[in-house]
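I opened this notebook to keep track of what I looked up, one topic at a time. The entries below follow the order in which I went through the model.

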Amino acid sequence: MLCRLGGRWLRPLPALQLRARDPALAPVPTSGAKRPTISVWAVAPVSAVHANGWYEALAASSPVRVAEEVLLGVQATTGLPWWGSILLSTVALRGAVTLPLAAYQHYILAKVENLQPEIKAIARHLNQEVVVRANQLGWSERVARLTYLKNMKRIISELYVRDNCHPFKATVLVWIQLPMWIFVSFALRNLSTGAAHSEAGFSVREQLATGGILWFPDLTAPDSTWILPISVGVINLLIVEISALQKIGISRLQKYVTYFVRAMSVLMIPVAATVPSSIVLYWLCSSFMGLSQNLLLRSPGFRQLCRIPSTKSDSETPYKDIFAAFNTKFISRK
């Protein structure tokens, strides 16, 4: 007998061949023999298996294991309670890794900003040359525009190479800071749930259960008061608003990015209320260090120490300017 499958007529294999190829299809004994059992995961939805697969793979990845060992090493070396070890580890990582990268980011952006007057002058001169050449050769408006854009792109690239300040270099901070934040968060998740790949996994979980302070003594449980989650959201919003206050004449894309980051800062609050307090404590300390880092890099003295070139937009009183702009936008506005 033929059967139709996927638009094609196929001849099924004989029953004996099916049994030989797949032992699971063998006849089930009807006597008192025990029936074979099927594992739960075998009948689970494929989508659920895949969803849990990438999450568990990330939680068991080598970078997360390294982050676990760093956290365990800091706690074992200092002998601090776990809340203190998390704070110290966060400060050390942000100070040793992200602060130098943030200073380098400001260094690149300052050089790019200082190139803008030269780029504008070149753009005006090139535009005049293209207009003259278009009149001589009878170019259409489209050809003239494409010629201008092509040459302008080439000239800008040459200027970036000359001053070694391609804007893409300013994104190095994001490509390192974000993965580090994810790996440490997963490491704390593993330690808090006893899923750590360290031999001391379960003993660490017991230590975390009594390693908190103040209103969150148990670092393995969510913060039922929502103080930590709300604090994370507020500090992240402060970072976004301070950055937005310093920008003048931003593009539509930058506005959309600012709105998106604001929304993510608010959405982080309910998310933070469902995870262990150890993770939220790390997020809070990391965000506070980010805010401090943001303010520090606006100091003229610190920028000079980091050899960040001075720009036209620099201010001698950055903190006073930020407070005045904040007051005008959120307090004095009627």
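Entry on a helix pair. I began with helix α6 (residues 172-193) and helix α10 (residues 277-296), whose axes come within 8 Å and cross at roughly 155 degrees. Because angles over 145 degrees count as roughly antiparallel, I noted α6 as roughly antiparallel to α10. I also looked up the handedness, and α6 passes α10 in a right-handed crossing.

Entry on the whole chain. I am working with a predicted model, and I kept that in mind throughout. The protein chain holds 12 helices and two strands, and when I read along the sequence the pattern was β-β-α-α-α-α-α-α-α-α-α-α-α-α. Of its 334 residues, 31% count as buried.

Entry on tryptophan 82. Is tryptophan 82 buried or exposed? I found that tryptophan 82 has a relative accessible area of 3%, and since buried means under 20%, this residue counts as buried. Tryptophan 82 lies in helix α4, which covers residues 82-137. I then checked leucine 219, which is 137 residues away from tryptophan 82 in sequence, while the C-alpha atoms of the two are 8.3 Å apart in space.

Entry on salt bridges. The count came to five salt bridges, and I followed some of them in turn. Glutamate 158 forms one with arginine 154, with the closest N and O atoms 3.3 Å apart, and both residues lie in helix α5 (residues 141-163), four residues apart, which is about one turn of the helix. I noted glutamate 158 as partly exposed at a relative accessible area of 45%, and arginine 154 as partly exposed at 40%.

Aspartate 163 pairs with arginine 162 in a salt bridge whose closest N and O atoms are 2.9 Å apart, and aspartate 163 is partly exposed, with a relative accessible area of 21%.

Arginine 303 forms a salt bridge with aspartate 314, the closest N and O atoms being 3.7 Å apart. Arginine 303 lies in helix α11 (residues 300-305) and aspartate 314 in the loop between α11 and α12 (318-331), so this pair ties together parts that are 11 residues apart in sequence. I wrote down arginine 303 as buried at 12% relative accessible area, whereas aspartate 314 is partly exposed at 32%.

Entry on a surface patch. Which residues make the nonpolar surface patch of about 570 Å²? I listed Leu253, Val257, Phe260, Val261, Met264 and Leu267. Valine 257 is placed in helix α9 (residues 252-272), and I found valine 257 partly exposed, with a relative accessible area of 44%.

Conventions
Residues numbered from 1 in each chain as written. Predicted model: local features only at pLDDT ≥ 70, side-chain atom pairs only at ≥ 80, totals over all residues. Heavy atoms only, no water. Patch = residues over 30% accessible without salt bridge, like charges linked within 9 Å, V, L, I, M, F, W, Y side chains within 5 Å. Areas by Shrake-Rupley, 256 points an atom, 1.4 Å probe, with all protein chains shown as cover. Salt bridge = Lys/Arg side-chain N within 4 Å of Asp/Glu carboxyl O. Buried < 20%, exposed > 50% of the residue type's maximum accessible area, 1.4 Å probe, protein only. Axes fitted to C-alpha atoms, helices over the stretch in contact; angles between N-to-C directions. Parallel < 35°, antiparallel > 145°, perpendicular 65-115°, else oblique. Left-handed = near helix turned anticlockwise from the far one by under 90°.
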